[in-house]
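Please look over the sequence and the model below before reading on.

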Amino acid sequence: VTPGKLKAVMVWIYIMSLVAAFALPSESFVLGDALEIEEIESIEFACNIPTRIGVMPYFWVWGSSFDGFEKAVRTEPSIDTIEKIDSLEDSRLYRTEWKTTVQGLLDAIRTNNGILKSAVGQGQWEFEIVFEEHDDLSAFGYYCSEIGFDVNLEYVHSLTEPMDEAYGLTPAQRETLVAAEQGGYFDEPRNLTMEELATNLDISPAAVSGRLRRGVSNLIQRTLISDE
């Protein structure tokens with residue numbers, strides 16, 4: 001994160017609780033080789049699972065080539081051990097013990113009073129981090145630069161004002177859902193394929209799949225479930 005980019009964003013925002021979204025190239029973080037497998041749609045860390053066995057030990061993998069994924073992670077230098085915990089039709093939950101790479105990023109988050117909200121890999125790694133003050137966000141950017149993490153700040157929003165009104169959508173999720181609806185992706189028969197939608201948005205089909213899945217999940221949680 002460059003100081004100029006951070007300053008440009010923070011000139012107009014001065015709030016006590018904020019969520020910052022960062023992107024990190026797949027090869028610059030753990031499981032980078034696994035993200036390059038065509039049949040692997042996405043990898044998502046289960047940041048909301050309490051644990052005493054280590055940092056970020058649980059993550060979900062979506063796709064259709066789990067043998068290929070497990071073969072790739074055997075050569076992952078940041079992994080000590082890995083174990084499959086659960087399995088569904090198109091996803092698996094893994095538990096792992098890490099060496100130093102993940103710890104380095106988490107050190108940057110903790111040192112600057114941040115809390116990791118989400119970590120998702122789809123072609124690249126995308127993180128959402130909660131900070132108490134804008135100074136913590138700026139300090140996080142400088143810290144990452146010092147330890148060699150080339151993170152890019154994508155957006156910042158207030159923790160008390162969810163993205164896209166009350167629906168909890170990120171800008172990328174909203175853009176993808178709207179494009180899918182307007183293009184006829186949800187029609188029966190379907191008038192737009194996922195590959196065509198990905199081409200229109202200039203992203204990968206795996207990224208489209210992940211945005212749709214998480215976006216729909218957010219809508220259901222904020223509308224159908226929240227009032228029960």
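This is a predicted model: local features need pLDDT of at least 70, side-chain atom pairs count only at pLDDT 80 or more; totals for chains, interfaces and linings use all residues.

Residues are numbered from 1 along each chain as its sequence is written, and side-chain values use heavy atoms, with hydrogens and water left out.

Helix 8 covers residues 205–225; helices (H or I, at least four residues) and strands (E, at least two) are DSSP runs, numbered from the N terminus. Its 21 residues should span 30 Å at 1.5 Å a residue, and the end C-alpha atoms, 28 Å apart, agree with this; the expected span is 1.5 Å times one less than the number of residues. Buried residues (under 20% relative accessible area; exposed is over 50%, partly exposed in between; 1.4 Å probe, protein chains only) of helix 8 include Ala-206, Ala-207, Gly-210, Arg-211 and Arg-214. Among the elements that cover the buried residues of helix 8 are strand 2 (40–45), strand 6 and helix 6 (171–183).

Gln-122 lies in strand 6 (residues 114–122). Gln-122 counts as buried because its relative accessibility is 6%. Leaving out residues up to four places away in sequence, Gln-122 is in contact (heavy atoms within 4.5 Å) with Ala-206, Ala-207, Gly-210, Arg-211 and Arg-214, and also with Leu-35, Glu-41 and Ser-42.

Glu-83 sits in strand 4 (residues 79–87). Its relative accessible area is 41%, so Glu-83 is partly exposed. Beyond four places in sequence, Glu-83 touches Leu-93, Tyr-94 and Arg-95. The C-alpha atoms of Glu-83 and Tyr-58 are separated by 9.7 Å, with the two residues 25 apart along the chain.
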